Amino acid sequence: MTTVNPPPHAFSRRPPRIAIVGGGPGGLFTAWTIEEEAALPVAITIFEATDRLGGKACTPQFSTAAVWYEAGAAELYDYEAVGDDPLRELVRGLGLPTVPLTGSAVHVAGHRIACLDDLEHFHGKDARDRLVAFDTWARSAMTPQEFFESGSDHATAACPTSRFDTALDSIRSPEARGYVETMIHSDLATEPVATTTAYGLQNYLMMDPAYMRLYRIAGGNEQLVTAITTRLAAEVRRTSTVTAICGEDDGRFTVTWRSGDRTDQELFDIVIVALPVAALPGITFRDDHLAAAMQRHLAHHDHPAHYLRVSLLLDGPAPPVPGEDDYLMVDAFGGACLYVESGRDPVARHGVLGWLLGGEAAATMAGLSDDAITAAAIDALPPPLDGCRGRILEARVHRWIGAVSAVPGGWQPLPVAARHRPSPAHANLFVVGDYLYDSTLNGALDSAAYVAGWVTSSLTCAAHDSPPRTRTDSPV
């Protein structure tokens, strides 16, 4: 196992300069963790290409009424029933109140299916038996502990890498298979043929509380971004797009960025690229070895998945949906999730319905106008909510094309160290991203914590002129 080698300059004479490219959750988590864990002062600069921080953690308001809605990540995952949950601990440590998210039913062909008895009632005993057989196999293929450890080296070595559609082929009932595909399609953000069995199983089993639970942050998930940003000492440069990174002979890196009409360069000791895969080609790596390494990294991880958010503001609270708390799965758009975002607020003056579309449907519809997308979303409201069609005050559309990975970690996941440091010849250039783990905010934090551990360990060793420690696995 190779180690992270500190730059040759003596950090005891000045704080090391660290550039973090990307102000989304991965970049912010990395800055936060380094500042929390570093044993000596650091000088962190965060480059963000847009005018806002937070990336997919995005909770804006409607213009018609001061009502927030989730435009990006709708939920966070709670693994505390199985093991330590770093994101849950971070949210709790920041004092952010949370609300559980629950939903039990899948609406297929106009029928609400919330249990095996419902499936048998509408589609017969064979459909029930086929689903039970698939469910039994899925649980034997991935236990709750294996689900929890799914990003680590020892877990990924044993993960099935076959295509998920081949696993679904075992469900020899079209109705049972349609039920499963509808239930997980929006979470996959891709099609079963374009992802692995392991990732498909994760998205199927996540519906079981024995594997994990869902929650959101009261007041919007972007509260997490705000809480971290206000506590950071790092310099944040908004509307600053990094265009090039070049490794220098002394181990440092020249970072070139553009802000408006201005282009500038600066030297950094450590560079951490915390961008979605789709944004990586926008950076030129001006070093043959580094360019080749990043091209290999991109080729391994470039499996774009897509989702689309359509949020509808109602003139009053949403009507109660029988048996549903916060969301329901619907067979529209190949399988979509419909969140009733104001469903738990007894004094809400407005209701919000939030569609989450994924995969090919999201990619295709993204090319339509907002009005056309909104009309399709309204037309697809299921029977329990079709009375809302004449009550919509405002609609918002947010496109997240290529924003997540269809195959997190790649078809054959690399060792965790190789995922995060693409070029061994450039010991202090790292990548951070949810696409290296599971395309969730939890995965972004796991990735950030791993790199922060490398960085803080190497800086401490450099300051004391001792060999750096070796990280051999994920922190989770």
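These legends go with close-up views of the cavities and pockets in a predicted model.

Local features here need pLDDT of at least 70, and side-chain atom pairs count only at pLDDT 80 or more, while totals for chains, interfaces and linings use all residues. Residues are numbered from 1 along each chain as its sequence is written, and side-chain values use heavy atoms, with hydrogens and water left out.

View 1. A cavity is a set of points, on a 1 Å grid over the protein atoms alone, where a 1.4 Å probe fits but cannot get out. A lining residue has an atom within 4 Å of a point.

View 2. Two or more lining residues each come from strand 3 (76-78), helix 2 (86-93), helix 5 (144-148), helix 8 (174-188), helix 9 (197-205), strand 14 (304-314), strand 18 (392-405) and helix 15 (441-463). Helices (H or I, at least four residues) and strands (E, at least two) are DSSP runs, numbered from the N terminus. Sorted by class, the lining has 22 nonpolar, ten polar and nine charged residues; Ala, Val, Leu, Ile, Met, Phe, Trp, Tyr, Cys and Pro count as nonpolar, Asp, Glu, Lys and Arg as charged, and the others, Gly among them, as polar.

**View 3. The largest pocket.** A pocket is an open set of points with protein on both sides within 12 Å along at least five of seven lines. This one has about 720 Å³ of space. There are 32 lining residues, with G24, E48, G55, L275 and P276 closest to the centre. Helix 1 (25-37), strand 9 (241-247), strand 18 and helix 15 each put in at least two residues, and helix 1 gives the most, with three. The class tally is 16 nonpolar, eleven polar and five charged.

**View 4. The second largest pocket.** Here the volume is about 410 Å³. Of 22 lining residues, S104, Y179, M183, Y204 and M207 lie nearest the centre. By class, the lining has 17 nonpolar, two polar and three charged residues.

Note on methods
Grid points are joined across faces, edges and corners, and a volume is the space filled by probe spheres set on the points.
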